[in-house]
Structure formats: structure tokens, C-alpha cells
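Please read these notes with the sequence and the coordinates open beside you, and check each point against them as you go.

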Amino acid sequence: MIFELDLVLLFLVVIIAIVAITTRDLLSAIMLLCAYSFLMAVVWVEMHSVDVAFTEAAVGAGATTAFLIAALSRTKRWEKK
Amino acid sequence: MPSKDTDTGTGKGRSIIVETVTRLMVPFIQLFALYVIIHGAGGPGGGFQGGVIFASSFVLYVVAFGIVKAGNRFSERANIVLFSTGVYLYAGVGLLCILFSYGAAQFLNYGYIPLTHHFEENRALGMDLVEVGIGITVMAVITSIFFNLVWKRENEEIGEREGED
């Protein structure tokens, strides 16, 4: 494990998570969650847990993003104030 | 300023580049999914991950060609058959272990299935069979969830655009 890389990755993950829950554009929130999952996959690889990283990349960044966009197509893009 | 109405691009506004790239990429995604399923016993991956990757190839197909064409290729009835095929494969391999050992082995104790003469090879082959069953079920379920999420919107669009092409 590289300490500096872990620090940068976890910092980015926290920033992305905060932005994803505060933004009112739901499409941006979905894309931020996709980036969050991908960064978490990198963090799992960094922790030598390749199997979990594989699942995170396939399900979190792939399938869940497609599901959320398909669900968003049934509703409005902008959250109410 | 983006419009308030969302458009996922599943129906209209197709481009030749997206269609061609999809047509080239889908077989390779499916081949990679099969690789992940088969090598799941000895490395990273497995039935679940391979099934999700296989399903994501159908998601890509829907994004490029629209749900109607994808629904013709991969019908709801085939989906229902595939759900149960995977579960039956998983449960069947597990029960065969009990049957072949006359009740001595546990459920999914693969070594007792007499596929070869070696206990360890039986175990490896049984593990692969179970992974294939998991992969089939996960692929069918995730494809079905995505198709059901997209289906109604496209049907409404077809109803509105009736008479075109």
C-alpha cells in the first residue's frame, strides 16, 4: 500500500460523495456516483482485494449507473428546491 | 442550459458511429464475460461478475439500437427460461453431490460428482458448472430489470410516432 496514493484517493472519494448528495442536477449525481464507484474500485485494488474491486467496477460503475439513468428517464432531471 | 425533459438516447438520434462501435464491441464484451466466469475459481471474478458484464453488453446494445430491436433479439420468454435454467443448474449440481455420495457428502460438495477419476478435478469441474449457473441467472435478471425500466417509455414513443417509417 502506498500511503500518499491512498490519501489522495480517499480524499477524492469523500469530496465526490459530498458533491453527489448536495447537487440538484440528478444526472450529475448519477455520474458522480459512477466516478465514486470507480474510485472505490481503485481503492480496493490498492488494498489488494481484487475480487471486491472487480465487483465494484462491474456492478457499481456499470450496471447501477445504467439502471439509475433508465430510472431517471421516467422522471425530471432537476430536483425541486 | 439543458432542457428539463431528459432524453436517454435509447430511441432516436442514433448515429452510425455508435452503431458500428457497438456491433464491434458486443462480442468482445461477451467473450470477456465468459472468460471471467470460467476463470472465477482460480482468480478474481466469478459467476456474478461475469453475469453482470454479460448483461452490460445487452445494455450497450439497447443504448445503441433501441429497446425494440433488442427485445426482438432477447425476448422476455427467453429471459424467464434463463432465470430458471441457472437456478436449476446450481441446485442440480448441489443435489447431484448428495445423490452420488448416497447422502454422505454435503450440498455442493463437488468432489463426489463422477465426471473424472480424480477428486480434485471433479471439484474444479463442479465449481465451474455452478459458476455457469450463477452467471446465467445474474445475466438474465439484470437484463430483465434494465429492459423493464426502459420498455414502457419506448412503447409510449412508438405510440406517439405511429405512422412514421
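1. Across the two chains, Phe54(A), Thr55(A), Ala58(A), Val59(A), Gly62(A), Ala63(A) and Ala66(A) in H3(A) meet a set of residues in H2(B), namely Phe48(B), Gln49(B), Val52(B), Ile53(B), Ala55(B), Ser56(B) and Val59(B). Sorted by class, this contact of H3(A) with H2(B) holds 10 nonpolar and four polar residues, and no charged residues. Please keep in mind throughout that this is a predicted model.

2. The geometry of this pair can be stated as well: the axes of H3(A) and of H2(B), which covers residues 47-65 of chain B, come within 10 Å and cross at roughly 30°. Because angles under 35 degrees count as roughly parallel, H3(A) is roughly parallel to H2(B). The crossing in which H3(A) passes H2(B) is left-handed.

3. Taken as a whole, the contact between the chains draws on 19 residues from chain A and 18 residues from chain B. On the side of chain A that touches chain B, the residues comprise 12 nonpolar, three polar and four charged.

4. How many helices and strands does chain A have? Chain A has three helices and zero strands, and its pattern along the sequence is therefore written α-α-α. The C-alpha trace of chain A spans about 45 × 25 × 10 Å along its principal axes, and 23% of the 81 residues of chain A count as buried. Among the contacts in chain A with a separation of 6 or more, 53% come from residues 24 or more positions apart.

5. Within chain A, the axes of H1(A) (residues 3-22) and H2(A) (residues 26-46) come within 9 Å and cross at roughly 160°. Since angles over 145 degrees count as roughly antiparallel, H1(A) and H2(A) are therefore roughly antiparallel to each other. Their crossing, that of H1(A) and H2(A), is left-handed.

6. The residues that H1(A) brings to this contact include Leu5(A), Asp6(A), Leu9(A) and Leu10(A), while those of H2(A) include Ala29(A), Leu32(A), Tyr36(A) and Glu46(A). By class, the contact of H1(A) with H2(A) has 18 nonpolar and two charged residues, and no polar ones.

7. A student may like to check the length of H2(A) by hand: at 1.5 Å a residue, its 21 residues should span 30 Å, and the end C-alpha atoms of H2(A) are 30 Å apart, which agrees. The buried residues in H2(A) are Cys34(A), Tyr36(A), Ser37(A), Leu39(A), Met40(A) and Ala41(A). These buried residues of H2(A) pack against H1 and H3 (50-72) of chain A.

8. His48(A), a residue other than glycine, has a positive phi near 60°. His48(A) sits in the loop between H2 and H3 of chain A, and His48(A) is exposed, because 9 other C-beta atoms lie within 10 Å and a count of 12 or fewer is classed as exposed.

9. In chain B, H2(B) is mostly covered, with 17 of its 19 residues buried. The same check of length can be made here, since at 1.5 Å a residue the 19 residues of H2(B) should span 27 Å, and the end C-alpha atoms of H2(B) are 27 Å apart, which agrees. Following H2(B) comes Gly66(B), whose phi is positive, near 90°.

10. Apart from its neighbours within four places in sequence, Ala64(B) is in contact with Val18(B), Glu19(B) and Thr22(B). Ala64(B) and Thr20(B), which are 44 residues apart in sequence, are 9.1 Å apart in space, C-alpha to C-alpha.

11. Finally, Met25(B) is found in helix H1 of chain B, which covers residues 16-38. Met25(B) is partly exposed, with 14 other C-beta atoms within 10 Å. Met25(B) and Thr137(B) are 112 residues apart in sequence, and their C-alpha atoms are 23 Å apart in space.

Terms used: Residues numbered from 1 in each chain as written. Chains lettered and ligands numbered in written order. Predicted model: local features only at pLDDT ≥ 70, side-chain atom pairs only at ≥ 80, totals over all residues. Contact = placed C-beta atoms within 7 Å. Nonpolar A, V, L, I, M, F, W, Y, C, P; charged D, E, K, R; others polar. Helix = DSSP H or I, 4+ residues; strand = E, 2+ residues; numbered from the N terminus. Buried ≥ 20, exposed ≤ 12 C-beta atoms within 10 Å, placed from the backbone. Axes fitted to C-alpha atoms, helices over the stretch in contact; angles between N-to-C directions. Parallel < 35°, antiparallel > 145°, perpendicular 65-115°, else oblique. Left-handed = near helix turned anticlockwise from the far one by under 90°. Expected span 1.5 Å × (residues − 1).
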